[in-house]
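Good morning, and thank you for making time for this presentation. I would ask you to keep the structure in view while I speak.

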Amino acid sequence: MTGFKTGDCAEVIATGRIGLVEERKKTKITVCFYDENYIEPEQVVFKDYELKPVDAPQIKTSQLKAFVRGDLTLDQISNGVNVLSDSVKTDSKAYKITAADLLAGVNAYEEMPPEDILKWIDIIMQFEEELSFLEDPWEDVIDEVKEKDILNLVYTEFDEIRWDILEDDPVEMLPEDFKRLRDCLGTWVESKGKEYPESLVIRIAEQFDSDDIDKQSEKTQQLFKKCLDALCDKKVPKAIQRRGYCYYCGTKIYPNDWVKARDAFLEYYQLTGDASAANTLGYIYYYGRCNGGVPEYEEAFKYFSIGHAYTYFESTYKLADMFAHGYGVVKDGETANHLYWSVYTQNLKRFIREDYECKFADAALRMGNCFRDEIGARKDLETAYYYYLQADLAIRKRTQVANHYGDTVVFTGVQKALEGVRKEYTDRGRTERFIYPGWTNWTLIKHRRCRLNIRELKDGILSLTASPMKRYDEDKAPLMLITIPKADYCELREKITVKTAKNSTYKIADGSSEIIFDHVLFNRGKRITKFFLYEEFVGEICTEEYSFTAPAVKKVLSGDIYHFVSVCFEANGRSYDYLCDDKSVKVGDTVIVKGYDGDTAVKVVDVSDKYESQLGLPIERYKKIIGKA
C-alpha cells in the first residue's frame with residue numbers, strides 16, 4: 001500500500017495523468033485533476049495500486065520573473081500539468097517581485113481567459129514569501145509611500161479578482177478589476193514612484209483621525225495631510241468630514257479652527273444629509289465657537305432638532321438644555337425633563353449591557369440636575385444624588401474604554417455636582433430597607449425571568465440571592481445597576497443578596513430551595529410576597545421587611561500627588577481642573593490656559609492636591625496651566 005496523503009502528487013499508472021490527492025479513505029484515493037479545467041477541477045476515485053507518487057512540477061526561481069511578467073505561462077513550466085507546488089525550487093539568486101513586472105503581467109493577461117488569469121494570480125499569491133511580495137496588507141502607510149505599499153494594495157486586488165472569477169461572472173467583472181490594477185500599478189511605475197493611485201490615497205487618509213494623528217511622525221502627518229487635502233479638493237464627503245473633525249479637535253497639522261470646522265461640516269451635511277454633521281454643527285452654534293463665544297441659539301436649535309429627529313442622543317439632551325434654561329426658546333422644564341428621561345432610559349438599557357461608550361453618564365447627570373434645580377420636577381436632593389452617583393460610575397467606566405471628546409468636562413461636572421449635593425444630603429447608612437419587595441425592581445429587567453436562591457439563617461432570617469437570567473437570544477443577562485444614595489454606593493452587579501427580617505417564612509411550590517419567577521405580587525396587610533412564572537404561582541415569602549446592605553468601599557489613596565487649580569471661563573459658570581506646576585498660584589489669580597478658542601486668561605476659583613487614585617481620569621487627559629497672566 002502506497003502512503004499517499006492529502007496534497008501529494010499522484011500519477012495514474014495507466015494514463016500518465018497527474019493530479020493532487022484530495023482525500024484518502026483506506027484503499028480509496030480521491031485525486032483532483034487541473035489539466036482540463038483549472039477552475040472546476042475533475043475529481044476521480046482510484047484504488048491505491050492504480051497510482052504512483054511523483055514529484056510536483058516546480059517553478060524555478062530563474063523562471064519567476066518571466067512568469068510574473070506573462071512571458072512564461074504555468075502550462076509551459078509544468079508541461080501542461082497544472083499542479084501548484086508547495087515551494088519554489090531555488091536554482092539561482094532569489095527574485096523579488098516589482099511593480100513594473102506586475103504591470104507587464106497585467107497587460108499580458110488582461111485579454112486572456114479567466115482560467116489562465118486565475119493560474120497566474122494563484123501562483124503569485126501562493127509564492128508570496130519567496131517573491132518577498134506580501135508584508136501586512138492592512139499595515140498603516142508610515143512616513144512615505146513605498147513600493148511594498150503598492151504591492152500590498154495589488155495583493156488585496158488579486159484576492160478580490162479570485163473571488164470574482166470563482167463566484168461571479170468574470171466576463172462582466174474582470175475589465176473593471178484589471179482597470180483598477182492597471183491604474184494602481186501604472187500610476188506608480190510611470191511616475192517612477194512619485195505618484196500613487198487614488199485607492200491608496202483614500203486608505204492613507206482613512207488610517208488616522210484627530211485622536212491619533214498627532215502621535216505619528218512628522219513625515220506621516222504630512223503624508224496624511226497631503227492625501228486628505230487631495231480628497232477634500234475632489235469633494236469626497238468622508239474626507240471633508242474627517243478634516244472637519246481635525247479642525248474641531250485641533251491637531252498639529254490642522255490646528256483648531258472653528259470657522260473651518262463649521263464650514264467643513266456644513267459642506268459635508270449639504271453633500272450627504274448625514275445628521276451626525278447636524279449634531280456637530282449644533283454644538284458649534286450653541287457655544288458660539290465662530291461668534292466670539294456668543295451663542296447662536298437659532299442655528300443651534302435648528303441643527304439639534306435635526307440630530308434629535310435622527311435619534312442622536314447628544315442632540316436630544318442639548319435641545320433639553322435649551323428648554324431647561326430658556327436658551328433661544330421659551331423656558332419649559334417639563335419638556336426638558338421629558339427629553340432627558342428619554343435619553344436616560346434608552347442609554348440605561350445599553351449601560352447595563354456593558355456598552356460603556358453610551359451616553360448614560362450625560363443623561364444621568366442631567367436627570368440629577370432636574371431634581372436639584374427643579375427642572376420639571378420637585379426639588380429632591382436624595383434623588384438628585386441617586387442620579388449623580390450613576391453618572392459618576394458611568395463616566396468612569398467610559399473613560400476606561402474610550403477617549404471621547406468632552407469626557408473630561410463631563411467628569412468634572414459630575415464631581416462638582418456630587419460635591420455640591422453631598423454637602424446638603426447628610427443621611428448616612430449602608431443598608432436600604434424595603435417593606436415592599438422593591439429589590440425585585442433591580443432583577444426584573446424588562447420582565448425577564450429571575451433566579452432566587454433561599455438560604456435559612458438563624459432566628460428565622462432568610463438570605464435571598466437573586467439574579468436576572470439570560471434570554472434565548474442573549475449571550476448573557478444584563479447587569480443590575482444598584483444605587484444606594486445614603487451609602488454613597490453605585491455598582492453594576494450580576495447578582496445581589498437580600499436579607500429578610502427575623503421570623504420570616506417561605507414556601508416554594510415544587511419544594512426546592514430555588515424560585516424562578518418573572519413577576520411578583522405583594523400583600524401589604526399580610527406582608528406576603530407571591531412569586532409567579534408565566535402566571536403560575538411558584539412560591540412566596542412572608543416577612544416584615546427586606547434589607548440590602550451595600551458593601552463597604554475602602555477608598556485607598558495611592559499613586560503620585562498632583563497639584564490642580566480649578567478655573568472658570570465665565571462668571572458663575574462651570575469650573576474646570578488643570579494641572580499646575582506653579583504652587584504659588586492661589587485662588588483669585590489670573591492664569592493662562594489653552595481653551596476652545598486658543599490661549600485664554602481665566603480666574604482661579606480653587607486649588608487642591610490630589611492623589612492619582614482620586615483622579616478618575618488618566619493623568620494624561622488633564623491639560624496644564626500655561627502660566628500666570
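In helix H3, the buried residues are Ala99, Asp101, Leu102, Leu103, Ala104, Gly105, Val106 and Tyr109; buried means under 20% relative accessible area, with exposed over 50% and partly exposed in between, for a 1.4 Å probe and protein chains only. Helices (H or I, at least four residues) and strands (E, at least two) are DSSP runs numbered from the N terminus. The model is predicted: local features need pLDDT of at least 70, side-chain atom pairs count only at pLDDT 80 or more, and totals for chains, interfaces and linings use all residues. Residues are numbered from 1 along each chain as its sequence is written, and side-chain values use heavy atoms, leaving out hydrogens and water.

Helix H3 spans residues 99–109, and eight of its eleven residues are buried. Its cover includes helices H1 (61–68), H4 (114–126), H5 (147–167) and H6 (170–190).

Let me turn to the nonpolar cores. Such a core is a set of buried Ala, Val, Leu, Ile, Met, Phe, Trp, Tyr and Cys residues joined through side-chain atoms within 4.5 Å. The largest has 157 residues, of which Leu102, Phe158, Tyr196, Trp439 and Leu452 touch the most other members. Helix H16 (residues 381–401) supplies the largest share of this core, ten residues. Leaving aside residues up to four places away in sequence, Trp439 touches Phe434, Leu452, Leu464, Ala466, Ile496, Val498, Phe531 and Tyr546, where contact means heavy atoms within 4.5 Å. A second, separate core has twelve residues, among them Val409, Tyr578, Val585 and Val593.

Next, the open sheet. Its six strands are ordered E6-E17-E11-E8-E7-E13, with antiparallel pairing; two strands pair if DSSP finds at least two bridges between them. Strands E6 (431–434) and E13 (514–517) stand at the edges with a single partner each, so one side of each is left without a neighbour in the sheet. Within the sheet, two bridges join the antiparallel strands E11 (residues 496–500) and E17 (residues 546–549), and Lys499 stands opposite Ser547 in E17.

How many of the six residues of strand E15 are buried? Five are, so E15 (residues 528–533) is largely enclosed by the rest of the structure. Five bridges join E15 to strand E14 (residues 519–523), running antiparallel, and Phe522 has Thr529 as its bridge partner in E15. Six bridges join E15 to strand E16 (residues 536–542), also antiparallel, with Gly539 in E16 as the bridge partner of Phe531.
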